[in-house]
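User: I would like to learn how to read a few local features in a protein model. Can we take them one at a time?

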Amino acid sequence: MENVGGQEAYLLIDGFSGYHQIKIAPEDRSKIIFATKWGFFQYTVMPFGLKNVPVIFSRVVVAAFKEYIHKFIEVYFDDWTIFGLAKHHMVSLQLMIDTCR
């Protein structure tokens, strides 16, 4: 990105809560059943502690933001950085928020 006299702006966003918004396919829910003294339970959304959850979440985020990566957003697992000229920052932030919705 080339800066031609404008102020640059950066915003770091933590997407940790996104882990718990990825739904598990109904046919896969039985694979992560756990027992307690109150009965058997299964997750319907991704729990944080499973082995491949960070990788799966990273793939989902990269797929969601693929048209914006290296243009005004950088992604590292659950941390996202929005960068660019300050005058375009609100537009970039709105695009990122709309994509998250």
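Analyst: This is a predicted model. Start with the cover over one helix: S4, strand S5 (79–85) and helix H2 (86–100) are among the elements that cover the buried residues of H1.

User: Which residues of H1 are buried?

Analyst: Val53, Phe57, Ser58, Val61 and Phe65 are the buried residues of H1. Viewed along the axis of H1, they lie within an arc of 130°, so they line one face of the helix.

User: Why do residues three or four places apart point the same way in an α-helix?

Analyst: Because an α-helix has 3.6 residues a turn.

User: How far does H1 reach from its first C-alpha to its last?

Analyst: H1, with 13 residues, spans 18 Å between those atoms, close to the 18 Å expected at 1.5 Å a residue.

User: What should I look for in backbone angles?

Analyst: The general idea is that most residues other than glycine have a negative phi. Here His70, which is not a glycine, has a positive phi of about 75°.

User: Where is His70, and is it buried or exposed?

Analyst: His70 sits in the loop between helix H1 (53–65) and strand S4 (73–76). His70 is exposed, at a relative accessible area of 61%.

User: Which residues form a nonpolar patch on the surface?

Analyst: The patch consists of Phe34, Trp38, Phe41 and Tyr43, and together they have about 450 Å² of accessible area. One of them, Phe41, belongs to strand S3 (residues 39–42).

Technical notes. Residues are numbered from 1 along each chain as its sequence is written. This is a predicted model: local features need pLDDT of at least 70, side-chain atom pairs count only at pLDDT 80 or more; totals for chains, interfaces and linings use all residues. Side-chain values use heavy atoms; hydrogens and water are left out. Helices (H or I, at least four residues) and strands (E, at least two) are DSSP runs, numbered from the N terminus. Buried means under 20% relative accessible area, exposed over 50%, partly exposed in between (1.4 Å probe, protein chains only). The expected span of a helix is 1.5 Å times one less than its number of residues. The arc is that of the directions from the helix axis to the C-beta atoms. Contact means heavy atoms within 4.5 Å. Patches are made of residues with over 30% relative accessible area and no salt bridge: like charges are joined within 9 Å, nonpolar side chains (Val, Leu, Ile, Met, Phe, Trp, Tyr) within 5 Å. Accessible areas come from the Shrake-Rupley method with a 1.4 Å probe; for residues, only the protein chains shown count as cover. A salt bridge is a side-chain nitrogen of Lys or Arg within 4 Å of a carboxyl oxygen of Asp or Glu.
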